[in-house]
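Visitor: I would like to go through this model and ask what backs each term used for it.
Guide: Go ahead; each answer will set a value against its definition.

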There are 2 protein chains.
Amino acid sequence: MTKVTAQLSVSLDGFYAGPRHTGDGDWMASAESAGFFRVTRWATDAMAWRERQGFAGGEQDTNSEVIAETFAAAGAYVMGRRMADGGEVPWGEEPPFRAPVFVVTHRPRQRLVRGGGTSFTYVTEGLVSAVEQARAAAGDRDVAVAGGGGLVRQVLAAGLLDELELHIVPVVLGTGLRLFDADLDLAEKEGIELTPTRVLHAPQVTHIRYTVGGRAPLLLDDRGSGGGATTIIN
Amino acid sequence: MTKVTAQLSVSLDGFYAGPRHTGDGDWMASAESAGFFRVTRWATDAMAWRERQGFAGGEQDTNSEVIAETFAAAGAYVMGRRMADGGEVPWGEEPPFRAPVFVVTHRPRQRLVRGGGTSFTYVTEGLVSAVEQARAAAGDRDVAVAGGGGLVRQVLAAGLLDELELHIVPVVLGTGLRLFDADLDLAEKEGIELTPTRVLHAPQVTHIRYTVGGRAPLLLDDRGSGGGATTIIN
C-alpha cells in the first residue's frame, strides 16, 4: 500500500542547511550552501547517489544502500518550489528521480517533461492536492516528500506523513534552516509521537526510520518521581 | 583515563524539557515538566534508574543497561544550579549519584554532604574550575555533566566535552528548552564535528554516543554537485 514518506539529512542540532541565502550573491558560496553540503556529504559520497547523477565512483556501503532503497521505493515525489527551482538547471535533461514529481507552488506553470521518466507538475491547489496527485501517480510504490525541509515540516504538521527517515549527521551547525521549526502548530502539552522502526549506524551518519503516530497530549508522567520533580537523566 | 562526558534525553526536535516555567505555580503542572517527563520516561521506567531512587519495579532492558553503565562510569558529576536546586528535596538524604557533585553557581554555599557517597560542592569560580575539581575527585572514572541542558551546551561550547550521549526520544515537542540553542558561539561556516561510536536501538528511545572532535570550518564540498547546486537527498 502506498505510504507517504520523507527523508532528510540533518545536523545533530536539526539543521538541513545553513542560514537562508537571500541576497543576489552566489548560493554556492553562501553559508546556506556550506551547511547543506556538510549534511549531505554522506550522500554525495555514495555510489548509488552518484550513479543517479551520472557521476563516476563513490562508496558502496550502508549509506549507498540506503539511497538505492530510497530511490527504489518512490513511485512519485512531492517537492517544494524553492528546491525545484534550485535543481532545475543542475539536474539537467535526465533528473535523478525517474518518476513524476509534483511541485507545490503558487506560480502556475506548464508541466515539464524530462528524460528517464521524470516529469515536473506544478500544483497550485496546495499541499493536500499535490500529495493526492502523487499518490495517484505512484502505483504500488510510495510517495516520497523530496524536500526541502519546510515542505517536510508542512506535511508532518498536516498529518499527511506516514514515515520519516532522518539521516542524522554528527555535526553541530549552530544556526541555519531547521527542520522542526516553530510552525508545527502544536498545542501546549501536545506532541507528535513517532516510533523508531529501523536504525542504521555508519561513521558518517545515523539513519533512523520512524513511523509517524500523530498528535497526542503530553500526559503528566510522574511514575518515577516519587512525588519529586527531577531525575538525574535529564 | 578520565573523560568528561554528558548524557541528555532530548526529543526528536532537540528539546530536553518543555518551555521554561518561570511563574510561581507548580512546576509539576507546568508545560516544562510535561516535556521533561515525556523525554525522560524511558529512564523513569527503567529498573536501574528506579533502584537508584529507591523505587521498586521497572523494566530490565537495554535502557536499564544504559543507565546502569552511565552511573557506573561516573566518578564525579558537574551540575547546573537550577537542576541542583530542583533536585535537592526530591533526591532526599541519599541522592542517586553516590559520588561528589560540583554545582556551577554564582551563589556561595557551604558544602552539603548526603548519604551513600553523594556530596554537593558549590563552585563559584566558573565552569572550568568545576570541571577541574570534578576531575580531581573522579579518580580513574569519568566526570559526568549531569545537566541541565544549558550546562551541557556550555561545556560543549567551551571545548571541555570528550563524549556526548544523546537519548533521542521519538516525539516532536515543537517548543521548549533546546539543548543546541543559539549561544554556541560558532563562526559563520564553522561547525562542531563529532563521531558516532555507538548506537543502541530500543522502541522508546535511540541511544547515540559521540566522541566530540571540535570546531572545524565547513569547507565547500561540491564533490557531488557536478557544478550544480542541489541534491535530491536534502
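**Terms and their grounds**

Guide: In this predicted model, chain A has seven helices and twelve strands.

Visitor: Why is chain A called as compact as a globular protein of that length?
Guide: The globule rule gives 17 Å for 234 residues, and the radius of gyration of chain A is 19 Å, which is close to that value, so the term applies. Along the principal axes, the C-alpha atoms of chain A fill a box of roughly 65 × 40 × 35 Å.

Visitor: What share of chain A is buried?
Guide: A residue is buried if 20 or more other C-beta atoms lie within 10 Å of its own. Buried residues are 49% of the 234 in chain A.

Visitor: What makes E11(A) and strand E9 of chain B a pair?
Guide: Pairing needs at least two bridges. Two bridges join E11(A) to E9(B), residues 171-172, and the strands run antiparallel, so they pair. In this pairing A:Glu193 stands opposite B:Val171.

Visitor: How many residues does each chain bring to the contact?
Guide: Chain A gives 74 residues and chain B gives 74 residues. On the side of chain A, strand E11 (residues 190-201) gives the most, with eight residues. That side divides into 39 nonpolar, 24 polar and eleven charged residues.

Visitor: Which residues touch the most other members of the largest nonpolar core?
Guide: They are A:Tyr77, A:Val78, B:Tyr77 and B:Val78, in a core of 132 residues. Not counting residues up to four places away in sequence, B:Val78 touches residues including B:Phe102, B:Val131 and B:Val145.

How values were computed:
Residues are numbered from 1 along each chain as its sequence is written. Chains are lettered from A and ligands numbered from 1 in the order in which they are written. This is a predicted model: local features need pLDDT of at least 70, side-chain atom pairs count only at pLDDT 80 or more; totals for chains, interfaces and linings use all residues. Two residues are in contact if their C-beta atoms, placed from the backbone, lie within 7 Å. Helices (H or I, at least four residues) and strands (E, at least two) are DSSP runs, numbered from the N terminus. Ala, Val, Leu, Ile, Met, Phe, Trp, Tyr, Cys and Pro count as nonpolar, Asp, Glu, Lys and Arg as charged, and the others, Gly among them, as polar. A nonpolar core is a set of buried Ala, Val, Leu, Ile, Met, Phe, Trp, Tyr and Cys residues joined through C-beta atoms within 7 Å. A residue is buried if 20 or more other C-beta atoms lie within 10 Å of its own, exposed if 12 or fewer, and partly exposed in between; C-beta atoms are placed from the backbone. The radius of gyration is taken over C-alpha atoms; the globule rule is 2.2 Å times the number of residues to the power 0.38.
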